[in-house]
Amino acid sequence: MTPLMMFLQYRISLFFLLLFLLLFLPLQNNKKLIACSLLMCYAATGVIEYLLFLNGITYENPIIHTLLEIVIIQAVPFIISRYRDFRAMFVGFTAAAYVLTGNIVCSTLYIIGASLPVNVICQCMVHILLLGILTWKIRRNLLISLENKELQWGSFCIIPALFYTATYALSTWPANIYMQPQNLLGVCAILVLMAIAYIMIFQTFARSKQEIEQKRSMEYLENYASRLKYEAEVTQKKEMEAAIIRHDLKHYSILINSYLGEGKEDEIRKLLKELNEHVNETKSVRYCKNLAVNSVVANYAQQAQEQGIAFDADMEVPSEMAVNEFEFATVISNLLDNAVNAAAQVKEEKLRFVKISARGVKGKLILSISNGCTEEPKISAETGLPVSKGGKEHGYGMQSVRAFVKKNRAVFDFQVKEGIFSVKLLFDIEE
């Protein structure tokens, strides 16, 4: 292959490799860092390839060049990814494996005598077609799977690394594929085997996604069941209190008749006031029209009262919403659980509070929860969300909130200011 064609093949491959990283990596928020990293990688490898291929140097087996480029290129995923662990490495290795197909097509066309323009166009078309299929079929599931740190990502990294090494060994070392075109069949067989291996990998990802969804569904059901149990207990308690009042009414009636006969109006007023207080105590507190949300708020209001925490609720949540009400109730449950636990740790009286409000505005619901806290919460490097100190700082509750936010395209924000932690959630409640 001519030096110019080799140079162009490497440039085109790297362009699509970096594009793959942009599409298939969970990127961090620093866009300038991402742009600079990609440009520097493309420029640095371009200089290396220019010196090797266009500077008059014959380089049949560019092993050193390849190793140097691997180090530079595989550093990019760790710089631009939100996850700087085996997950970034897996996507980086997969990107390198992805461009192999276009490179093999380029080499095959050269062997059969295709011109430079035809070679370049075909290589680009293969990369675009394959990238489009991968984006359509696996991108969403892969990004979801990358959120699961528990998968054996280190083991998965071995698969694309071995396929890349095997393909490189057959096509480049000890003699390149242009000198030994009979190796082309073995290279194609490896590419087919790699495709089968990746199908199996993504089946594992799909099962992992199903397990996560099932776990989340179980959390919703368990949460709702516990709230229904609480509602039932409260209702039973109120019914018992009402039964006692009904039983006592005949005694109140006898006393009132007696006081009437004696003309003791003040005593009658005292009895009526006492009776009215008992009746009010049997009334169930209703925070909003939505049963699921109301049961959650009522539960945590009771917990706050038992711990001497001021609880203020101003709720306008409709009985029917476009979002799943049980998922939303679980979100409120997780947020209030964190809020009550944090407020309970505060010694300063004025900061021992939890306040929740929910208001509908133009088809959207604005949920706001604030509470006193002793210190700023720890922020997870993985999710960018605060995590609780209980449960080994897993932050499952906030991850559930994050899942709700992503599913419903909601806006979520939190801040800590002057010992007060507050969260806000905005989402559509109408179709």
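This is a predicted model: local features need pLDDT of at least 70, side-chain atom pairs count only at pLDDT 80 or more; totals for chains, interfaces and linings use all residues.
Let's start with strand β3, which spans residues 364-372 and is mostly covered, with seven of its nine residues buried.

Strand β3 has a pairing partner in β2 (residues 353-361) and another in β7 (residues 420-428); the table sets out both pairings.

| Strand pair | Sense | Bridges |
|---|---|---|
| β2 (residues 353-361) and β3 | antiparallel | eight bridges |
| β3 and β7 (residues 420-428) | antiparallel | nine bridges |

On the β7 side, Ile366 stands opposite Leu426.

Now to the nonpolar cores. The largest has 45 residues, and those with the most contacts inside it are Leu17, Phe20, Leu21, Phe24, Phe90, Val91 and Phe205. Several helices supply at least two residues each to this core, among them α1 (3-24), α4 (86-98), α8 (153-171) and α9 (184-262). Which helix gives the largest share of this core? That is α9, with ten residues.

Leaving aside residues up to four places away in sequence, Phe90 touches Leu142, Trp153, Phe156, Cys157, Pro160, Tyr198, Ile201 and Phe205.

There is also a second, separate core, made of 39 residues, including Val323, Ala329, Leu365 and Phe427. As background, nonpolar side chains in soluble globular proteins tend to be buried together.

Notes
Residues are numbered from 1 along each chain as its sequence is written. Side-chain values use heavy atoms; hydrogens and water are left out. A nonpolar core is a set of buried Ala, Val, Leu, Ile, Met, Phe, Trp, Tyr and Cys residues joined through side-chain atoms within 4.5 Å. Buried means under 20% relative accessible area, exposed over 50%, partly exposed in between (1.4 Å probe, protein chains only). Helices (H or I, at least four residues) and strands (E, at least two) are DSSP runs, numbered from the N terminus. Contact means heavy atoms within 4.5 Å. Two strands pair if DSSP finds at least two bridges between them.
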